[in-house]
Amino acid sequence: MTTLLDTIISRIRANGPMRLDDYMTTCMLHPTLGYYTTRDPFGTHGDFVTAPEVSQMFGELIGLCLAQTWLSQGAPARFTLAELGPGRGTLMADLLRAVQKVPGFVEAAEIVLIEASPTLRDIQSATLNGHSPRWVETPEDLDDQPLYLVANEFFDALPIRQFVRDKEGWRERLISHSNGALSFGLGPRLPQSALDDRLDDTADGDLIEDCPPLTGYMRPISHRIATFGGAALIIDYGDWRSLGDTLQALQDHKPTTPLIAPGHCDLTAHVDFEKLALAAAPAKHSRVTPQGVFLERLGITQRAQALAKAMSGTALETHIAAHRRLTHPSEMGNLFKVMGLYPPTQPPLPGLEP
Ligand code: SAH
């Protein structure tokens, strides 16, 4: 049987060294051999655990944050409730359960999911049974109406390009092969006008990353929020302005090398929040806030205590560990950041500052 490695090597033979974004897209979303297309990678038996899979509190608090924003924007009678890259659908299910208590919210919501993997679409459909979500390809397909959107660990899954600086400019990291194995090399020096702004804060040998599809996902979202109202919560690992190689491969919860087993490991890169902020106009964006701080401001400790009352034994221990995992600075609390988008005429979402 042809493996994804064979497929990639024959493409390199035919077309020359492969760009990293092309490699990542092939590894993650190849129609029959891609990582997301062929499996459910989440949870203790998968390759990684995301915040909604750690605890129901995550989706619940995001739901209440969006519902409070909807109320303070005058509770529009029809709106899109969207999620980018919903994984197993756990976050959306927890969100919808929590907002049942907000009169009118669920009735006014049209649930729309943006998901590339047919396998995960099926799982989302089962998780959200009874809520009739609709799937679209890109945020361009969202209706012209108020938009409340969440994206957790979506942007880190988008493909990136990497460039290394030398005295004369930028050279792109490209993938070639020898003896059946893949390796990184550097392409020719080419003018990269999009990287001119990074000449001032980088030196010879520095590596920077660019995520070409980021702006295309952000623009339609920002435009809808600025024009029709709504808000977005983007949660991911990363920081302000990319510097250094952040490409990561994960298999069975363990780091591995990104070129070793194409299609069998999760590939991600840190999100450059500066790029998200630049693409936020004409909507406004909040300050980038650590996930732990954001969840504490939304009342995760009170929610954790309320849930703990009905628990004992290992369930209680797991619950306490989950609270710590989501919020503690040495776990997910600081590595993960939150940015909110909101209309220029409105205050930022609860838990966030302008
Ligand atoms: N938000 C979920 C899953 C994060 S993993 C959670 O927190 O558990 C990334 C998700 O984005 C997966 O559902 C993956 O299939 C989806 N995805 C990755 N690239 C995509 C793309 N280009 N378009 C749509 N969905 C994509």
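Is Cys265 buried or exposed? Cys265 is buried, because its relative accessible area is 1%. Here, buried means under 20% relative accessible area, exposed means over 50%, and partly exposed is in between, using a 1.4 Å probe and protein chains only.

Before going on, a word on what you're looking at. This is a predicted model, where local features need pLDDT of at least 70 and side-chain atom pairs count only at pLDDT 80 or more, while totals for chains, interfaces and linings use all residues. Residues are numbered from 1 along each chain as its sequence is written, and side-chain values use heavy atoms, with hydrogens and water left out.

**Cysteines and cores**

A disulfide is a pair of cysteine sulfur atoms within 2.5 Å. By that rule, the count is zero disulfides. Take Cys27: the nearest cysteine sulfur belongs to Cys265 and is 7.0 Å away, and Cys27 is in no disulfide. Cys27 counts as buried because its relative accessibility is 1%.

Now for the greasy bits. In soluble globular proteins, nonpolar side chains tend to be buried together. A nonpolar core is a set of buried Ala, Val, Leu, Ile, Met, Phe, Trp, Tyr and Cys residues joined through side-chain atoms within 4.5 Å. The largest one here has 53 residues, and Tyr23, Phe155 and Leu276 have the most contacts inside it. A second, separate core has 45 residues, including Val49, Ala51, Met332 and Tyr342.

What does Phe155 touch, if you skip residues up to four places away in sequence? Its partners include Leu84, Tyr217, Ile234, Val271 and Leu276. Contact means heavy atoms within 4.5 Å.

**Around the ligand**

There are 19 residues around the ligand, and Thr50, Gly85, Gly87, Glu115 and Asn152 come nearest. A residue counts as near if one of its heavy atoms lies within 4 Å.

| Residue | Protein atom | Ligand atom | Distance |
|---|---|---|---|
| Thr50 | polar side-chain atom | oxygen | 2.5 Å |
| Gly85 | polar backbone atom | nitrogen | 2.7 Å |
| Gly87 | polar backbone atom | oxygen | 3.1 Å |

On its own the ligand has 570 Å² of accessible area, and the protein covers 95% of that. Accessible areas come from the Shrake-Rupley method with a 1.4 Å probe; for residues, only the protein chains shown count as cover.

Asp166 sits in strand S6 (residues 161-166). Helices (H or I, at least four residues) and strands (E, at least two) are DSSP runs, numbered from the N terminus. Asp166 counts as buried because its relative accessibility is 17%. Its side chain makes a polar contact of 2.7 Å with the side chain of Arg189. A polar contact is a pair of N or O atoms within 3.5 Å; within protein, one must be able to donate a hydrogen and the other to accept it, and residues adjacent in sequence count only if both atoms are side-chain atoms.

Asn179 isn't a glycine, yet its phi is positive, near 50°. You'll find Asn179 in the loop between strand S7 (169-178) and strand S8 (181-189), and it counts as exposed at 82% relative accessibility. His253 also has a positive phi, about 65°, although it is not a glycine. His253 counts as partly exposed at 38% relative accessibility. Finally, the peptide bond from Ala281 to Pro282 is cis, with omega near 10°.
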